[in-house]
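Dear colleague,

Please find below the structure for your review. My notes on its salt bridges, nonpolar cores and selected contacts follow.

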Amino acid sequence: MKKKALFIFPLFFLPLCAHASSFDTCIMQLVENGPDELTLGMMKARCTVEVEKPGTRQPKVAQLSSPLTPVARRLETDRSNILKPFTLMAHNPNYILPFAHNFVGWGSEPYTNTNGEEHLDLEDTEIQLQLSIKTPLAVDLFSTGVNAWGGYTIRSFWQGYNSNNSSPFRETNHEPEIWLQHSSNLHFGPLRNVGNSIGLVHQSNGQGGNLSRSWNYAYVTFGFELADFVFMVKPWYRFQENAEDDNNATITDYLGHGELTAAWKYGDNVFSLISRNNLESGFSRGSVQFGWSFPLFNYHYIKGYVQYFSGYGESLIDYDHYVNRLGVGFLLTDFL
C-alpha cells in the first residue's frame with residue numbers, strides 16, 4: 001500500500017465529479033483496484049490507448065487484471081514506453097558471458113582457408129555477448145491494434161583471452177529485423193494466446209570471401225502463456241539465393257525451419273529453453289540452449305546468468321560445426 005500512496009496524492013486534483021473524463025476514471029479504477037505491480041507509467045499507458053468510436057477518439061478504459069502474469073508485466077512495460085518518442089527498448093535478452101567454454105573447441109577451418117595458414121590457434125574459452133534493441137515504427141496501425149517494430153540484435157564472439165593472436169573477435173552476427181505485432185487474449189482452456197507477429201530478418205556476419213555468411217527469412221510467431229510458464233512457436237521460411245551467391249546453402253539443414261522458445265519464471269529466477277531443428281533432423285543436427293537467470297543480492301538492474309548450448313548453429317560461421325559450450329556471466333534484460 002505504500003507504493004500506491006505515492007500515486008494517490010496527485011489524484012486529489014482530478015475533477016471528481018459526474019463529468020470526470022474517461023482517463024481520470026480509468027486512473028482512479030487502477031489506483032483502487034489495480035495490482036501492486038502497476039507503476040504510474042503503466043497506469044498512464046493503460047488509460048491513454050485510443051480506440052475509434054463514432055465521431056470521435058476517446059481513451060479506452062483498460063481491463064484490470066490481478067495479479068499480473070510475467071508476460072503481462074513485460075507487455076505493460078512495452079506499452080508504457082511505446083508512447084514515448086525516440087524510445088529504444090530491449091528486444092531479445094541482453095547479456096555478457098565473460099566465461100564461455102566450448103568443450104569440443106571452435107572450428108578454425110574457415111579462418112585457416114581464408115588466411116592461408118596451416119593452423120590457427122583459437123582458445124576454447126572466450127567472451128560472448130548479445131545486445132538487442134527495438135523501437136516502435138508505428139502504433140495502432142489503422143486503429144487495428146497492430147504495432148510495427150524495428151529491431152537490431154548483435155552477437156559477438158570475442159577471443160579476449162587469446163593474446164597470442166591479438167585477442168580478435170572470432171565472429172560477430174548482425175540481425176536487423178522488422179515485424180508487425182498484435183496482442184491477443186484468446187483462450188484454449190487454461191492456455192492463453194498472448195500475442196502473434198509476422199516479420200522479416202536479415203542475418204549476416206559482415207564478412208567477405210570464404211568467411212561470408214548470411215541469409216534472409218520471413219517468420220510468424222505465436223506466443224502462449226500458462227500462469228508463469230510462457231512459450232513461443234516461431235516457424236520461418238528462408239528466401240532462396242542463387243547457387244553461385246549462396247555462401248551457406250545448407251544452413252536450413254542445421255537451423256531447420258523454426259524454433260521453440262520456452263521460459264518459466266519461478267520467483268526471481270527465470271529458466272529458459274530454445275530448441276531448433278531437433279525433431280526435423282531426427283535429433284542429428286539440432287540444437288538446444290538452456291538458460292538460468294537469478295538475482296544478485298538485492299541489486300535489481302543486473303542478474304546472474306548461466307547459459308548452456310549444445311548442437312549446431314550457435315553462430316553463422318559455426319552453423320555446421322558442433323558446439324558444446326557452457327557460459328557464465330551477467331544478464332541485463334530477461335525473457336520475462
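A salt bridge is taken here as a side-chain nitrogen of Lys or Arg within 4 Å of a carboxyl oxygen of Asp or Glu. This is a predicted model, in which local features need pLDDT of at least 70 and side-chain atom pairs count only at pLDDT 80 or more, while totals for chains, interfaces and linings use all residues. Residues are numbered from 1 along each chain as its sequence is written, and side-chain values use heavy atoms, with hydrogens and water left out.

Salt bridges

By the rule above, the count comes to ten salt bridges. One of them pairs E314 with R155, with the closest N and O atoms 4.0 Å apart. E314 lies in the loop between strand 14 (299-311) and strand 15 (323-333), and R155 in strand 6 (residues 146-158), so the pair ties together parts that are 159 residues apart in sequence. Helices (H or I, at least four residues) and strands (E, at least two) are DSSP runs, numbered from the N terminus. E314 is buried at 5% relative accessible area, and R155 is also buried, at 11%; buried means under 20%, exposed over 50%, and partly exposed in between (1.4 Å probe, protein chains only).

R238 takes part in a salt bridge with E241 at 3.3 Å, N to O, and in another with D246 at 3.0 Å. R238 has a relative accessible area of 2% and is buried, whereas E241 is partly exposed at 26%. D246 is buried, as is R238.

Nonpolar cores

A nonpolar core is a set of buried Ala, Val, Leu, Ile, Met, Phe, Trp, Tyr and Cys residues joined through side-chain atoms within 4.5 Å. The largest has 15 residues, of which W215, Y217, Y219, W236, I251 and L255 touch the most other members. Strand 9 (214-226) and helix 6 (251-255) are the elements that give two or more residues to this core. A second, separate core has eight residues, including Y111, L120, L122 and F309.

Contact means heavy atoms within 4.5 Å. Neighbours within four places in sequence aside, L255 is in contact with W215, W236, R276, N277, G313 and Y319. S214, found in strand 9, is buried at 15% relative accessible area. Beyond its neighbours within four places in sequence, S214 is in contact with H202, Q203, S204, R238, E241, N247 and N248.

Yours sincerely
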